[in-house]
Amino acid sequence: MKPLLQLSGLIDRLNELLGRLVMWLVLAAVLISTANAIIRKAFDISSNAWLEIQWYLFAGVFMLGVGYVLLKNAHVRIDFIASRLSKRTNAIIDMLGLVVFTIPLALILVWLSWPLFHNAWVSGEMSANAGGLIRWPVLLLIPVGFSVLALQALSELIKRAAYLAGQRAEPFSVEHEKTDEELLLEELTAKGQLQGQEAAR
């Protein structure tokens, strides 16, 4: 199990790095969008390339950030149900989901999307829009993104198995944080209690 946990740690570090990169891609997209809007309004100059690079950057954010979301346990869950189950039960459910759905789906999508990238690379496919960009970089993001997801799913599978085997204290890298709704409910409850105490005086 120790070599598998080392592999899991390596995958986690890769997705931490990609998560930090994605933050810079968001900033780049915002700056390009702002500059494009200012230039278009001030000088009446525009280019499809500026619009497409924003699209490429947003695609990069979503495709390269998907493994980071899984690492941080920030993906969609049915909290109402998960919060009522034990960590062990949640770990078993997660393992089933990873083995039956996440990993096979990610691998199928890598396999299906690779020819799209390869054909665009070989043909030098360009955007159909005037002044548009080459297509292969954004098409490459599809197999890369799903590969990253498959790797992180493998890492999460290892962590859940190690937890069930008693080799880890926690099944997740990061404990699920409270949702905005849970925080709001706590805040409203605290205010209600405070108002009740003041009224009692």
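Predicted model: local features only at pLDDT ≥ 70, side-chain atom pairs only at ≥ 80, totals over all residues.
Local features require pLDDT of at least 70 and side-chain atom pairs pLDDT 80 or more, whereas totals for chains, interfaces and linings use all residues. Residues are numbered from 1 along each chain as its sequence is written, and side-chain values use heavy atoms, without hydrogens and water.

Five aromatic pairs were found in a search of the whole structure. Rings of Phe, Tyr and Trp (its six-membered ring) count as a pair if their centres lie within 6.5 Å; planes under 30 degrees apart are stacked, over 60 edge-to-face and the rest tilted. Helices are DSSP runs (H or I, at least four residues) numbered from the N terminus. W121 is partly exposed at 49% relative accessibility, and W136 is partly exposed at 26%; this class lies between buried (under 20% relative accessible area) and exposed (over 50%), with a 1.4 Å probe and protein chains only.

A nonpolar surface patch comprises M1, L4, L7, L10, L14, L151 and L154, with about 550 Å² of accessible area together. Patch residues have over 30% relative accessible area and no salt bridge, and nonpolar side chains (Val, Leu, Ile, Met, Phe, Trp, Tyr) are joined within 5 Å; a salt bridge places a side-chain nitrogen of Lys or Arg within 4 Å of a carboxyl oxygen of Asp or Glu. Helix 1 (2-43) and helix 5 each supply at least two residues, and helix 1 gives the most, with four. M1, in the segment before helix 1, is partly exposed at 35% relative accessible area.

Conventions
Patch = residues over 30% accessible without salt bridge, like charges linked within 9 Å, V, L, I, M, F, W, Y side chains within 5 Å. Areas by Shrake-Rupley, 256 points an atom, 1.4 Å probe, with all protein chains shown as cover.
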